[in-house]
Amino acid sequence: MILSQSTFLTIGLQHYLMLAAFMFVCGLLTMMVKRNAIGILMGVELVLNAANVNLVAFNKFSYATSGGQPLLTGQIFAIFVIVLAAAEASVALAIFLNYYNNFSTIDVERARSLKG
Amino acid sequence: MIILAQTSTEVTTAVLFYLFAAMSAGAAVAMVLSRNIVRTAVALLFTLLGVGGLYFLLDAEFLAAVQLVVYAGGTLILIIFGVMLTSKSPFSKFEPKLVEVIVAVSVASVLLVALLMAINNSMSTFGTDTQPAGTRYPVDLLGQALLGDYLVPFELSSVLLLVVMIGAAYLAKGRKHEVEAAPTPSELSRRAKTWS
């Protein structure tokens, strides 16, 4: 877990993966700790960003499998993830606005109407 | 001389990586810790900027630009609009319960340790070859791939965006305040008489 001296200055795939793992965990914590629905949405965005960092890092460091061509699969996947994240954010915000209109709050603890 | 230049490039990359990584990770921690939703949004902005810088370091310039324009410019503005629309005062606080915080922190730390161990153990199975230095990922290849091999997902995402636009507009339409029916011509003329 502790990077040796030689790998400290040479930035490799490992560094990006560790950063992405840390960001993923931070996003998960945000989702679990926040009671504000929009805070939870921001946690989701953080998790998606961590996944994107992984995708682009793997895209760069998997050159050997591409047969000499520039490898683009990871980057294209990341673009689609960004598109889906934007779509998800707008629908989630619309739902939260509707929720706020009905309950006059954005606290997720108060959304108990579907409880039996 | 060449070795020196190579080492200095490496050092520059390392310094930039640690700068952007500290920016992203620190802002991510700030997102978890901040009680104020507006501060959370600002921390998210810095995380997104840091990730954009990391994309530059990973030779994905187009993706970095998309990250800055779509995420930092679009999605974050949408979220901030949501914050402003859904709180009576934007600085209202929701405190989490202590039990929830303990459970969340323990789950997250176990997951973090597991992830780091998995990364360390499986590093030997991943490729580490990068592009030869000097060659880039050309944007025209990205466009050709999007309209070639990935045409179906590309078109599907455009349909998805249309559906999302209609769905969001339908969902966000408040049910509490019914839309006032358009006044009839006779009603309009009656109002005009009242005003004059």
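Reader: What helices and strands does chain A have, and in what order do the elements run?

Author: Chain A comes to 4 helices and 0 strands. Read from the N terminus on, its elements therefore follow a run of helices under the DSSP numbering: α-α-α-α.

Reader: What share of chain A is buried?

Author: A residue is buried if 20 or more other C-beta atoms lie within 10 Å of its own. Chain A has 116 residues, and the buried part of them makes up 45%.

Reader: Which element of chain A has the highest mean pLDDT?

Author: Chain A as a whole averages a pLDDT of 85, and 89% of the residues score at least 70. Over residues 1–5 of chain A pLDDT stays under 50, and the model has 3 contacts beyond four places in sequence for them. Where pLDDT is low, the predicted coordinates should not be read in detail. Among the elements, helix α1 (residues 6–9) has the lowest mean, 66, while the highest, 93, belongs to α2(A).

Reader: What are the average pLDDT of chain B and the ipTM of the complex?

Author: Chain B averages a pLDDT of 84, with 83% of the residues at 70 or above. For the complex the predictor gives a pTM of 0.84 and an ipTM of 0.88.

Reader: Which residues of chain A are in contact with Met31(B)?

Author: Leaving aside neighbours within four places in sequence, Met31(B) is in contact with Thr40(B), Ala43(B), Leu44(B) and Thr47(B) in chain B. In chain A, Met31(B) is in contact with Cys26(A), Thr30(A), Met42(A) and Leu46(A).

Reader: How many nonpolar residues are on the side of chain B that touches chain A?

Author: In all, 75 residues of chain B are in contact with 64 residues of chain A. On the chain B side, α1, α2, α3, α4 (98–122), α5 (139–146) and α6 (151–172) each supply at least two residues. By class this side has 6 charged residues, 17 polar ones and, as the nonpolar count, 52.

Reader: How far apart are the end C-alpha atoms of α2(B)?

Author: α2(B) has 21 residues, so at 1.5 Å a residue the helix should span 30 Å. The model agrees with this, since the end C-alpha atoms are apart by 30 Å.

Reader: How many residues of α6(B) are buried?

Author: α6(B) reaches 31 Å from its first C-alpha to its last, close to the 32 Å expected at 1.5 Å a residue. This helix is hardly covered: of its 22 residues, the buried ones number 2.

Reader: Is Asp59(B) buried, partly exposed or exposed, and why?

Author: Asp59(B) is in the loop between α2 and α3 of chain B, and its phi is positive, near 65 degrees. Its C-alpha atom is separated by 9.6 Å from that of Pro138(B), 79 residues apart along the chain. Because Asp59(B) has 18 C-beta neighbours inside 10 Å, it counts as partly exposed.

Reader: And Ser104(A): buried or exposed?

Author: Ser104(A) lies in the segment after α4 of chain A. Its phi is near 60 degrees, a positive value in a residue other than glycine. There are 11 C-beta neighbours inside 10 Å, so Ser104(A) counts as exposed.

Key:
Residues are numbered from 1 along each chain as its sequence is written. Chains are lettered from A and ligands numbered from 1 in the order in which they are written. This is a predicted model: local features need pLDDT of at least 70, side-chain atom pairs count only at pLDDT 80 or more; totals for chains, interfaces and linings use all residues. Two residues are in contact if their C-beta atoms, placed from the backbone, lie within 7 Å. Ala, Val, Leu, Ile, Met, Phe, Trp, Tyr, Cys and Pro count as nonpolar, Asp, Glu, Lys and Arg as charged, and the others, Gly among them, as polar. The expected span of a helix is 1.5 Å times one less than its number of residues. A residue is buried if 20 or more other C-beta atoms lie within 10 Å of its own, exposed if 12 or fewer, and partly exposed in between; C-beta atoms are placed from the backbone. pLDDT is the predictor's confidence in each residue, from 0 to 100.
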